[in-house]
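Please keep the structure open while reading.

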Amino acid sequence: MRAEQQFLCDLAEKISMPEVYLKIRLLLEKPDARIRDYVAVLQTDSMLTVRIIRMANSRFFGFNRKAYDLYDAISLIGTIQLHDLLLSSLCMRTFCNIPDAVMDLKEFWLHGIECGIACRTLAKLAGLPAGHRFFALGLLLEIGHAAMFVKAPEQALDALLASREQGLPIDEQERLLFGFDYCQLGSELMRLWHLPEVYSHIIGHQLHPELTDPHYRNETYLVYLAQQVFAEPEQFNQALSGLKDSQQQFAAIPSNLKDLVSQEIANHLDDIFLMLCPQSVVQSNACPGGFPP
């Protein structure tokens, strides 16, 4: 058993996805499932029902016509995209009980939403079928950090502080302390949740897209570039220039990508956060020195 698998063994019950998600996954595997079957499952969770309708009517996730009830919302969203939106909301619920003294969840998820917006914006610009999967992928990129802070907060904080003090990448420090990094742990968590393979491949190789399975390489490069939007301008420009020269899908990406993503974040960040996050996270106080950096 790999170190990251062993690490998650004791956490399996604490960070497992709720039953409503598992039931939706089963429906997705049934070609004869109808919208009313999805409604029957989801309406048992009143808070989730409200969130789905709000997402269907939102400026960022929504569509041209208004959804008045859960049936309308699912009809507009579609069952495949419904999965990715459910995942975005429920993963936040799964990790909502981390104490503020351990980790600043509010800041963590705000950054995750920013990454989701960047990934979805870049996917549209690159002409890839965007849907909502790229948003969910961006949101979950650093989920391995959250798992570390749940089980081993002192070690996770040591890795973070050492990274800052020594000027070394956080993934290197985590491999020294844990034997694995947040990408490897996040990838294993995707397997634990039985998510589609694309999630574990991309999250596991987000820092080194050239190493991923060729089948997922375009999407992994996209996620890699989306993360560079938050880097220093020189580092971002170098990454964008290199990918535009070597990856055909990025040839048409405008040079003002950073500005475009910043505008999308300014337009939608607060609304998405209030829409997806549990109230306990929305109302939480910031944790001085907490993650993310």
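Axes are lines fitted to C-alpha atoms, for helices over the stretch in contact, and angles between their N-to-C directions run from 0 to 180 degrees. The model is predicted. Two packed helices are described by the angle between their axes and the distance between the axes.

**α6 against α8**

- The axes of α6 and α8 approach within 8 Å and cross at roughly 20°.
- Angles under 35 degrees count as roughly parallel, and α6 and α8 are therefore roughly parallel to each other.
- Their crossing, α6 with α8, is left-handed.
- From α6, the contact takes in H83, D84, L87, S88, C91 and M92. From α8, R133, F135, A136, L139 and L140 take part.
- By class, the residues of the α6 and α8 contact are seven nonpolar, two polar and two charged.

**α8 against α13**

- Helix α8 spans residues 133–140, and helix α13 spans residues 197–204.
- Their axes come within 10 Å, with a crossing angle of roughly 45°.
- That angle makes α8 oblique to α13.
- The crossing of α8 and α13 is right-handed.
- On the α8 side, R133, A136, L137 and L140 are in the contact. On the α13 side, the partners are V198, Y199, I202 and I203.
- The residues of this α8 and α13 contact comprise seven nonpolar, no polar and one charged.

**R133, A136 and L140 in α8**

- R133, A136 and L140 meet residues of α6. R133, A136 and L140 also meet residues of α13.

**Buried residues of α13**

- Which residues of α13 are buried? They are V198, Y199, S200, I202 and I203.
- These buried residues pack against four helices: α6 (79–94), α8, α12 (182–192) and α14 (217–228).

**S163 in α10**

- S163 sits in helix α10, which covers residues 153–166.
- Is S163 buried or exposed? Its relative accessible area is 12%. Buried means under 20%, so S163 is buried.
- A polar atom of the S163 side chain lies 2.5 Å from the backbone oxygen of L168.
- Setting aside neighbours within four places in sequence, S163 is in contact with L168, P169, I170 and Q173.

Notes: Residues are numbered from 1 along each chain as its sequence is written. This is a predicted model: local features need pLDDT of at least 70, side-chain atom pairs count only at pLDDT 80 or more; totals for chains, interfaces and linings use all residues. Side-chain values use heavy atoms; hydrogens and water are left out. Helices (H or I, at least four residues) and strands (E, at least two) are DSSP runs, numbered from the N terminus. Angles under 35 degrees count as roughly parallel, over 145 as roughly antiparallel, 65 to 115 as roughly perpendicular and the rest as oblique. A crossing is left-handed if the near helix is turned anticlockwise from the far one by less than a right angle, and right-handed if clockwise. Contact means heavy atoms within 4.5 Å. Ala, Val, Leu, Ile, Met, Phe, Trp, Tyr, Cys and Pro count as nonpolar, Asp, Glu, Lys and Arg as charged, and the others, Gly among them, as polar. Buried means under 20% relative accessible area, exposed over 50%, partly exposed in between (1.4 Å probe, protein chains only). A polar contact is a pair of N or O atoms within 3.5 Å; within protein, one must be able to donate a hydrogen and the other to accept it, and residues adjacent in sequence count only if both atoms are side-chain atoms.
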